[in-house]
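Dear colleague,

Please find below the structure that I am handing over to you. My findings follow it.

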Amino acid sequence: MRRKLFAAVLAITAATGLLTACGSSSDPNVLKVGTEGTYSPFSFQGADGKLTGYDVEVAQAVGDKLGKKVEFVPTPWDAIFAGLESKRFDLVANQVTVNPDRQNKYALSQPYTTSDGVLVTNADNGSIKTLADLPGKTCAQSSTSNWSKVAAGAGCKVEAVEGFVQAIQLLKQGRVDATVNDTLAVGEYTKKTSDSGVKVTGKTGETSHQAFATRKNETKLIDDINAALDKLRADGTLAKISEKYFGTDVSK
């Protein structure tokens, strides 16, 4: 019982950022990066248990250009901006969609991903094909994500989940009607699982751009990151990483 209690306290402490080891680095040679670690193919654990993915490799490539060692801090999406603001890490690398609200609150880099939103439903559901079909329905979404705002803006009642995988589980259980998400993430899930229990029924009609995010006053850091992204685009590194995970260049 004591072991379970200690484990629970440790988990809560880590999640709320009270472990001093998770603090934003004071070492100028280290770049601490907050990322979800459960959002394939962008940030996830590989077969060897190590963190990998498109966002992870792009962040590492940026770190190389800056001459910095990159340390990742796995953080649930709905806590990731709180972690940034409390200086648990220096940067968020987790498909942060550029929108006016985030541009006002944070310093965002130039985009390094361009993608579309799609609607996903249970395989037996034929009633949802566009955003216009969402009013009165329930959508499973990470509450602070851009896709949650898209779903809510279309009139869908949002059921908060921790991530895409949980949203899919609720869909298959018939507890929600749909989820709105990134076409790249949905495509990766379909490719890896061949899950016939869910299907893509349509597009949101919106093209989104994803960037790195840091605190609003970190203008020097974001300028350096933009310079690094320019170099990675020019030397073909971004295209190479993109081709590895998606078979096409989504960094344009």
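The structure, which is a predicted model, holds 1 disulfide. This bond joins C139 to C156, with an S to S distance of 2.2 Å. The two cysteines lie 17 residues apart and link distant parts of the chain: C139 belongs to strand β9 (residues 138–141), whereas C156 sits in the loop between α5 and β10. The torsion about the S-S bond of C139 and C156 is about 100 degrees, and the disulfide is therefore right-handed. Both ends are buried by the cut-off of under 20% relative accessible area: C139 has a value of 0%, and C156 one of 5%.

The loop between α5 (146–153) and β10 (157–160) also holds G155. G155 is partly exposed, at a relative accessible area of 36%. Beyond its neighbours within four places in sequence, G155 is in contact with L134, P135 and G136. The C-alpha atoms of G155 and L134 are 5.9 Å from each other, although 21 residues separate the two along the chain.

An α-helix has 3.6 residues a turn, so residues three or four places apart point the same way. Just after α9, G247 adopts a positive phi of about 75 degrees.

With kind regards

How values were computed
Residues are numbered from 1 along each chain as its sequence is written. This is a predicted model: local features need pLDDT of at least 70, side-chain atom pairs count only at pLDDT 80 or more; totals for chains, interfaces and linings use all residues. Side-chain values use heavy atoms; hydrogens and water are left out. Helices (H or I, at least four residues) and strands (E, at least two) are DSSP runs, numbered from the N terminus. Buried means under 20% relative accessible area, exposed over 50%, partly exposed in between (1.4 Å probe, protein chains only). Contact means heavy atoms within 4.5 Å. A disulfide is a pair of cysteine sulfur atoms within 2.5 Å.
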